[in-house]
Amino acid sequence: MISQYTRMELVFGTDAVAQLHEKKVAVFGIGGVGGYVMEALARSGIGTLDLYDNDTVSLTNINRQLLAVHSTIGQAKVDAAEARIHDIDPQIIVNKHKTFYLPDSPDSEKPDFTKFDYVVDAIDTVTAKISIIVNAQKAGVPVISCMGCGNRVDPTKLTVCDIFETKNDPLAKIMRHELRKRGVKSLKVVCSTEPAIRPVNPESVEEEKSSKSGRRDIPGSTAFVPPTAGLLAASVVVRELTKFNPGDRVKGR
């Protein structure tokens, strides 16, 4: 029977796609990277998506964020996400969390990580990233974390590796240091090996900096690096949830 997942089934098999419909994935941050994670997971048929983001769509998001178009400016990103996901598949359950995840939030406001089948960290605050990673690992839930994508132009330099193998990424360097202190010995990440470039006209974002409390630097961004990172992360999630192993099905063998 033909369905919107027929082409997926040709790759993964009918049973695997049916399994994806039963999975619950949390995506923390649905901006430049996380928006494309969300999109690919929805199009792959993940049954339940928990989305964590307290931001609204702004004009400067349009150059790279999937949810950002002129008609969504001012909307909460989780609201725009819910509408888009249900336009892709009305059967997907979307749990919206208009919140910024912080490690010092009351326990009553923190998610129960044991309820997820996979966790994707696509935010850029170090303390929050570390807390998500540590809590997911404590719960025995697989997690993938996205490192820096700003001030980079070459999506072919993106890769999936362990955080302790990363290079040319200041965010990953800080993360490695903090994770070691917490006894984390391994973490799957999406990262770029491309050295970050220096922004050409940093004074042009002074107004945006003032509106982002606590944000000292606003990185430059492109329409191709953050989205590619998001798609890479989503591919890892889907392949691991389905235990995908192409084996002898690879053409030419």
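**Figure 1. Salt bridges in the predicted model.** A search of the whole structure, which is a predicted model, finds 11 salt bridges. Side chains of opposite charge can pair when their charged atoms come close.

**Figure 2. Glu-39 forms salt bridges with Arg-43 and with Arg-84.** In the pair formed by Glu-39 and Arg-43, the closest N and O atoms are 2.7 Å apart. Both residues belong to helix α3, and because they are 4 residues apart there, about one helical turn separates them. Glu-39 counts as buried, at 8% relative accessibility, while Arg-43 counts as partly exposed, at 47%. In the salt bridge between Glu-39 and Arg-84, the closest N and O atoms are 2.6 Å apart. Here Glu-39 lies in helix α3 and Arg-84 in helix α4, which spans residues 77-88, so this pair ties together parts that are 45 residues apart in sequence. Arg-84 is partly exposed, with a relative accessible area of 30%.

**Figure 3. Lys-96 and Asp-79 form a salt bridge.** The closest N and O atoms of Lys-96 and Asp-79 are 2.8 Å apart. Lys-96 is located in strand β3, residues 93-97, and Asp-79 in helix α4; the pair therefore ties together parts that are 17 residues apart in sequence. Lys-96 counts as partly exposed, at 33% relative accessibility. Asp-79 is also partly exposed, and its relative accessible area is 26%. A network of salt bridges links Asp-79, Glu-82, Lys-96 and Lys-98.

**Figure 4. Glu-82 is a residue of helix α4.** Glu-82 takes part in the network of salt bridges that also holds Asp-79, Lys-96 and Lys-98. At 22% relative accessibility, Glu-82 counts as partly exposed. When residues up to four places away in sequence are not counted, Glu-82 touches Val-94 and Lys-96. Ile-130 is 48 residues from Glu-82 along the chain, and the C-alpha atoms of these two residues are separated by 27 Å.

**Figure 5. Ser-44 occupies the loop between α3 and β2.** Ser-44 counts as buried because its relative accessibility is 11%, and the cut-off for a buried residue is under 20%. A polar atom of the Ser-44 side chain lies 2.7 Å from the backbone oxygen of Ala-40. With residues up to four places away in sequence set aside, Ser-44 touches Tyr-5, Met-8, Leu-20 and Val-238.

**Figure 6. Asn-61 is a buried residue in the loop between β2 and α4.** The relative accessible area of Asn-61 is 2%. Its side chain reaches the backbone nitrogen of Ser-58 at 2.8 Å. Apart from neighbours within four places in sequence, Asn-61 is in contact with Thr-56, Ala-68 and Lys-77.

Figure 7. A disulfide is a covalent bond between the sulfur atoms of two cysteines. The structure holds 0 disulfides. For Cys-161, the closest cysteine sulfur is that of Cys-191, at 3.6 Å. This distance is too far for a bond, because a disulfide requires sulfur atoms within 2.5 Å. Cys-161 is buried, with a relative accessible area of 15%. Cys-191 also counts as buried, at 1% relative accessibility.

**Figure 8. Val-153, Ile-197 and Phe-224 form a nonpolar patch on the surface.** Together, these three residues have about 260 Å² of accessible area. Val-153 is placed in the loop between strand β5, residues 143-146, and strand β6, residues 158-162. With a relative accessible area of 43%, Val-153 is partly exposed.

Technical notes. Residues numbered from 1 in each chain as written. Predicted model: local features only at pLDDT ≥ 70, side-chain atom pairs only at ≥ 80, totals over all residues. Heavy atoms only, no water. Helix = DSSP H or I, 4+ residues; strand = E, 2+ residues; numbered from the N terminus. Buried < 20%, exposed > 50% of the residue type's maximum accessible area, 1.4 Å probe, protein only. Polar contact = N/O pair within 3.5 Å; in protein donor to acceptor, adjacent residues only side chain to side chain. Contact = heavy atoms within 4.5 Å. Patch = residues over 30% accessible without salt bridge, like charges linked within 9 Å, V, L, I, M, F, W, Y side chains within 5 Å. Areas by Shrake-Rupley, 256 points an atom, 1.4 Å probe, with all protein chains shown as cover. Salt bridge = Lys/Arg side-chain N within 4 Å of Asp/Glu carboxyl O.
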